[in-house]
Amino acid sequence: MIKIDKEKCLGCGACVSACKKGFELKDGKAEVKSANVSCIKQDLEVYLISLLSI
Ligand code: SF4
């Protein structure tokens with residue numbers, strides 16, 4: 001399961017831009033829309049590993 005640490009999320013939207021099927025912004029924080037899309041795995045490898053817990 002993928003979860004976003006909302007205390008660490010800056011609401012920059014970079015994850016949404018990189019993976020629109022996987023993430024969305026709500027109230028200025030990212031949320032996981034669908035964990036079963038390949039772009040989430042790419043995001044994890046590049047940057048989000050520090051913000052997400054699996
Ligand atoms: S989780 Fe998404 S919106 Fe939040 S800081 Fe990271 S890239 Fe930006």
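User: Among contacts in the chain between residues at least 6 apart in sequence, what percentage join residues at least 24 apart?

Analyst: Two residues are in contact if their C-beta atoms, placed from the backbone, lie within 7 Å. Here 38% of those contacts link residues at least 24 apart. This is a predicted model: local features need pLDDT of at least 70, side-chain atom pairs count only at pLDDT 80 or more, and totals for chains, interfaces and linings use all residues. Residues are numbered from 1 along each chain as its sequence is written.

User: In what order do the elements of the chain run?

Analyst: Helices (H or I, at least four residues) and strands (E, at least two) are DSSP runs, numbered from the N terminus. The order is β-α-β-β-α-β, giving two helices and four strands.

User: How do strands β2 and β3 run, parallel or antiparallel?

Analyst: Strands pair if DSSP finds at least two bridges between them. Strand β2 (residues 23-26) and strand β3 (residues 29-32) are antiparallel, joined by four bridges. Phe23 lies opposite Val32 in β3. The two strands form a hairpin with two residues between them.

User: Why does Asp27 count as exposed?

Analyst: A residue is buried if 20 or more other C-beta atoms lie within 10 Å of its own, exposed if 12 or fewer, and partly exposed in between, with C-beta atoms placed from the backbone. Asp27 counts as exposed because it has 7 C-beta neighbours inside 10 Å. Of the 54 residues of the chain, 17% count as buried.
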